[in-house]
Structures are given as C-alpha cells and as structure tokens.
Amino acid sequence: MTAGAIRNIRVLDFSWGMAGPLTAALLASAGAEVIKIESEQRIDMSRIGADPYTGKPSGINKNAIFNDLNRNKLSANINLKHPKGLELIKRLIRISDVIVENYSAGVMERLGLGYEVVRELNPRIVMSSSSTMGGSGPEVGAIGYAPLFAASSGLSDMTGYRDGPPTEIRYSMDIISGYTTFVAVMAALVSRQDTDQGQYVDFSSRESISILLGDAIMDYNLNGRIQSRNGNDDDVMAPHNCYRCAGNDSWISIAIANDDEWRAFCRAAGDPDWSRDPGFASQESRHEHREELDRLVESWTMKYSHYQAMELLQAAGVAAVASLTPQDLFTDPHLQERGAFILMKHPEGGDRFSVNSPPWRLSETPCTIERDAPLFGEHTEHVCCKLLGLSPEEVRQLTEEGTLK
Amino acid sequence: MKETQRPNRDTSRKAGPLAGLTIVEFSEFIAGPYCSKLLADMGAKVIKVELPGQGDISRRRPPFKGDASGPDNSGLFFFLNANKLGVTLDPFHPEGRKVLLTLIAKADLLIEDKTPGVMEDAELDFNRLIRVNPRLVVTSITPFGQTGPYRNYRAYPLNSFQSGGEGYLTPGASPYPRRPPLKWANYSGDYVCGVSAAGATLLAIFHQKATGKGQHVDISKQEALLDMNTIDLLRWPNRGELANRATRGYKFAGIMPCKNGYVDFGFHRWPDEWQAILKVIGTPGWWGEDERLKDRAFCEEHGIELKKRLEDSFKVHTKEEIYRKAIDGHAAIAPCLQIEEVVNSPQMQARGFFAEIDHPEWGNFQFPTSPYRFSESAWTLRRLPPRLGEHNEEIYCQRLGLSREEFDELRKRGAI
C-alpha cells in the first residue's frame, strides 16, 4: 500500500505517446490505481518507437521512454473496436474515477466512449481529453507533435539569438502539457470531494505553451509591441547572461537586479578596475552598456570552472548558477543528496537510470515509484477477474476471440 | 460575439473547481505567484501578502501599459495576480508577524518562496505553523528545494533555467554552437515551475479534504525543470552520450525558413509522413518520384543535401499556405507564429483562449485565460489584481476582526 494522496482513486488510461501517459503516471505516483488500456490494434507509439539510447526499435516491453512514462501502472489488453471489449470498458468506467485520453479529437466519440456516454455510465467520473488543439476549432485536424505546437504556440519564435532562427523545442512540450493536464484533473477531483459530481476537461497542449508567454501577450495586447527572440536579454537586469568559463563549452549564468547585488559581484570578482567605470554605476546604465559589460564579466569568469565561479559568487550572495550539462546533473552533489536519480530494474528492458519523477517532496503523502512499467497486457487477467469478476475460463475465451488482445 | 468581462464575483459551483479554498500567498515574481494564479483562476480565494512599500518585484517589471512604469501599471503583474486579494504586512515586525499568523491560521494553504531559514527566522516555518493550524498545507517553492548543499543558493529565472539541464541544451540544433546557452522565451521556465508546484499542491489539498491533515510540499525549481528534459539527460548515464546544443537537431527536419518566416516540420511514421511533407511543398523533378526517397537510410545519408533541397522548396511558400496544405494533407508541419499571430490565431480565437477584458484605466484588451476548459465552469475575471495593500482593511478588520483602532495602530507602527 502506498502512502500516496489519492490511493482510493482508479484511473482508466487510454492515452499514448508522452503527454497523456505522463498525466496518468503522475496520478499513479500519488497512489492511484491506473489501468492502461492497450490493444494490439493500436499499440502505444512509445512502446514501438525508437529507443532513445539505441535509436532502434527495442521491442514492445523494452523502450526506456515508454517505461519511464508508465511506471506504477497496470496494463490490460482490451480491444475497443470489439463489441464485447467496449462492454468490458463500460463496466470499468462504472467503477472508475478518472479517464485520461489523448486521441485525436473525435476518436473517443467514434468509439462510443464520448463524455456524454461516459457521464451516463458514471456521473462522478472526471474525464480529461487532451490534444494539440483541444476538442474544437478550425485547426483541430492538424498533426500535433511536440515541436509543432512549440512552433504554433509562439515559444519557438521567441526563443533564440536575436540574429538567429527560431528554436525547435521538442518533447519538453509534451511533458509540460502532461503536467498541466494533471493540474486540471486534480482540481476536478478536489471539486468532486465537495460536490460528488465529476466533470469534463477539454485540454489543448498548444495553449498550455502559449500561456507561458503571458507577459509577451500582454505587451502585444496593451502596447501593440511584437516581442521576439532576444537571447538571454532581460528588460531590467544586467549582467544577465551565460558567461564562458574555463574548460570546453562550460558556462555560468549570472543575473544581477540591483546595486547591492552588483557590489556583491564586484567584491567577489576582486573589485577589478573596469567595475568602477561610471558607465556601470547604476542599474540603468549597466543595462544600457550590457554588451560591453558582458565582455568584461566574461574576462573574469573565464578564469574559473563553472562550478568554481558558482561557489565564489553564491558565497557573496550573487544569483549565479552553472549551466549544468547532463553529466554535471547526474553527478551533482546537491541532486545526489536530494535523490533525483534512481536505478530501475526492468524484467525485460534491464537496468536503466531514470529520474525520480515527480520531483515533489510531500511530507505526509510522498509520491513513490512502486514498480516499473507493465509488460504489454501484463494485468489483463487481473483486471478482468479481480475488478470485473470474470472467470479465468471466460478470459481465455475472450482472448481467443480477439477481445482481450 | 465575445462578452466583455468586468470583475464578476460568482460563488456558486460555476465559480470553479476550487471555489471555497482559501490561500495565503507570500511569494513574488514568477513561480510562486503563477502557482497561486492557477489556483485563483480555478476559483480559490487567494490573499496575496506583500511587503509594505514596494510590494512584489513584478509590479516594477515591464510590460507597462503605454510603457509608463507604475506599481499598478504592469502587464506582467496583471497577468500573474488578477483574481487575487492583496494585503501588506511586515512578517519581521512582531505585530505584523502576529497578523500573518492569524491569516494563516484561518487558511487552507500557504504558498511561500523564501530562502530556507527565512521563514524560520520569522518563526513562521512549517513545524510552527502546523501546530497552529493542523490542516494547513504549506507549499515552498525555492530554486533548489528545502534540503541539500545548494538550498540557500540564489537564482533568478535565468539561473533556474540553467540549473535544470534544458538550459545547457538551448537552443537545440544551434547553428552557433560556440555561443552561450540560452533560456526559453521570457520567464517561461519559471511558469513551468509554478505549474509543477500547483500539481503537487493539489495532491496535498485532496489529502487535506479527505483526512483533515496538512503537510509540507517542498518544490525545487531545479528538479521541476529537470523533469522536462529527461530523455537527453539520461543519454549520459545510460549510453555515455553527452548531448549538446549542436547535436540536438535532425539532419533534414526541424526549423525551416519559408517565404515570410519559418515553419517547423518532422515525421514519425516513415515513409507516410515524410511523403506527406513532400506533397505539401511540391516535389521538384530531380527527386520527386525517386524511389530512394522512401528509403530512410538513403535520406539520412544524404541529409545535408536533402536539407538544402528542402530549403529551396519551402522558401517559395508562405507559412499560411504551407500550414493550410499541411492540415489538409495530414503533414506534420506547423508555422512558427509570432506573438501577434498567436493572439490573432483563428484556432485560439475560436476556442475562446482569450477573454475580452474591460479595464477601468487600460480600456479593452484580450487576456490569455487557460489551456483547460472545465465543463462546469468558465474562466472568469472575478477581480482586477490588487493595488498594494488594497484589501488591508477588508481582510484585517472584516475577516480577522481587528477594531478600527487596532488597525490604525498597526499601520502607525509599520506592521502592515
């Protein structure tokens, strides 16, 4: 029994790819019983996609991305296109609390599992449909891979060097979308504690990225200004950039917001002559001369490794953090002490390092990883017999006729 | 026709899934205020606590309406703090601390973002607060969390973004790998931390409603961002491959210039989605019908040449043209929209992503609401963001029951 906050909640997970499975994985990490509904008819693309570490398809139970995104879940093979399969699903819906799905808009309706049907079966259920565009609108049919909605959300255009192209941003978009959907699902569950009624959540991944540009949208709507790529520039702060350190492709980020922080930086840097230049005397003038200032700051940072510069400047109270590489992160003493990484041991996929996700520390109801991702259909019999009361004989028969494949 | 919104205080179920929840927010700038904004927008009553005098940093941050700075003129502050009440007090003043303690004693949730130890110095740390209010949830959002050697390190949004791994790899597919790593646009990384914190907080609220028990929720912005970046990161321990800004691109997909800007394209299902792309941009004779183009290995091998050819084909089309054809032809191509195009996007307008706000001083403008639509409630502007200390009297006298004399006395002593 986990100590999670929502251990009496049962979730039917019809999702695939990354965003939807993550939402359901977050629910599972908090103790919910999550049943991933799978079928040979439509195998989760991350089960059969290229393995991130080999670049080749790795087999249905071995893909590291799939296994990271589906921890703590059960897997039941139920063919939704088979009439008896649909009947079993409806019985599951009656005894569940949440549905998470991220098919293209309209697919659940065509399968006979639209919210209208679901609500009839179980008015207490919280159903979340997430897709790139949400469930309506003229662009609803557009393909929605993560980099595409990074582009159509506005984030790509606004990220990059001033004189360079927009930036392609990939699966992080799906992860943010999955986290944001989780917020909505949890809010609906909290509401149900008061009202005893479920509800429907219509979620757009693209909008979950556009909203992160709220301040730039305000600038356009209030002032007609079209913000675009500006590197690491800040409207007020200077220095405010990543500065080269000793070593290969090694950097430290430094951000200074006021005179106190500037003086602290100068002291830590040994009060170099250039720091007394009247052109750097105030926050406004430092901001105005920030390009020159960047060169001078870098002449100091280049004498140190990124970790040394971070320690020196943090000791003086300056907001300075190394640009941590994957290698840095994995060996970082702080993250080691926080337990950010774990070793997973998958019966088919073997050992792999993974992130201890979600990264929240809840003192009373910690999120936990109880077990690795399920094998394809691993819990079909468990779900059919324990939850739906079928006999093993019935399960065998339904499997033979294709309902449970 | 969209209805123009003025503040509208509805307290029925339509007021949102979190109606009835009372939150004290003692945080500033982006992550903490965004976390409580998400909860406020879903109906929670948020009392924002600011220090007397200057208040939240974001009051002094652009964009300002008409570029005129002023504590109530920041679009950033508006975006983050609409739908909240606002009070001022000094938690380090003994009387101010007492007022804050009384506020917290009556609340369901405290959201704070102070460096670990600061709340302890004010004798307002979790262990003390839980004795006053056993059902209290405290969410602490800090750059590196409550434990570990960096717990007291300082970080602005730029620094946090570089602490989480995505920073070192931004911009991906960089044509300038010798240039410094970047942040994502504006404060987007810190907003993400607010989303993550809101998710964790709602788990604690669910538990509180079920059992009456409070708890402490420790959010590290570094780890919140780390979780957005796991695939590239884990290539290191699992494969010994160190990703960097240059290696992160595709050979012949990604960002592509076109006639009036840029698009992004890619493909998963080979060769169908690749063929769909060729169809959208039109296939120049020399390789249009070439069977070898269905062979992924051949394409990878000739990636650089292929990319050049693709560039020539894309640049004769506008992004609108390409996008329209892509939707019809089921090709994975999307335009890189600029901010004005996002605001005017037919899709987002049709979805009602923007609410029309009628502001007493700024006039009408469109406000980005929320990426989720609940079937039982719509996003609503219940109140404009608070002026500094706007609700002191309402909260301190009406909610906490201070007399007029006590209130004046506290103000005189600089406690509130």
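Colleague: Why does Asp249(A) count as buried?

Modeller: Its relative accessibility is 17%, and buried means under 20% relative accessible area, exposed over 50%, partly exposed in between (1.4 Å probe, protein chains only), so Asp249(A) counts as buried. This is a predicted model, where local features need pLDDT of at least 70, side-chain atom pairs count only at pLDDT 80 or more, and totals for chains, interfaces and linings use all residues. Residues are numbered from 1 along each chain as its sequence is written, chains are lettered from A and ligands numbered from 1 in the order in which they are written, and side-chain values use heavy atoms, leaving out hydrogens and water.

Colleague: And why is Ala173(B) called partly exposed?

Modeller: Ala173(B) comes in at 40% relative accessibility, so it counts as partly exposed.

Colleague: What is the phi of Ala173(B)?

Modeller: About 55°, a positive value although Ala173(B) is not a glycine. Asp249(A), not a glycine either, has a positive phi near 50°.

Colleague: What makes the peptide bond from Thr170(B) to Pro171(B) cis?

Modeller: Its omega is near 0°. In chain A, a cis bond joins Ala238(A) and Pro239(A), with omega about -5°.
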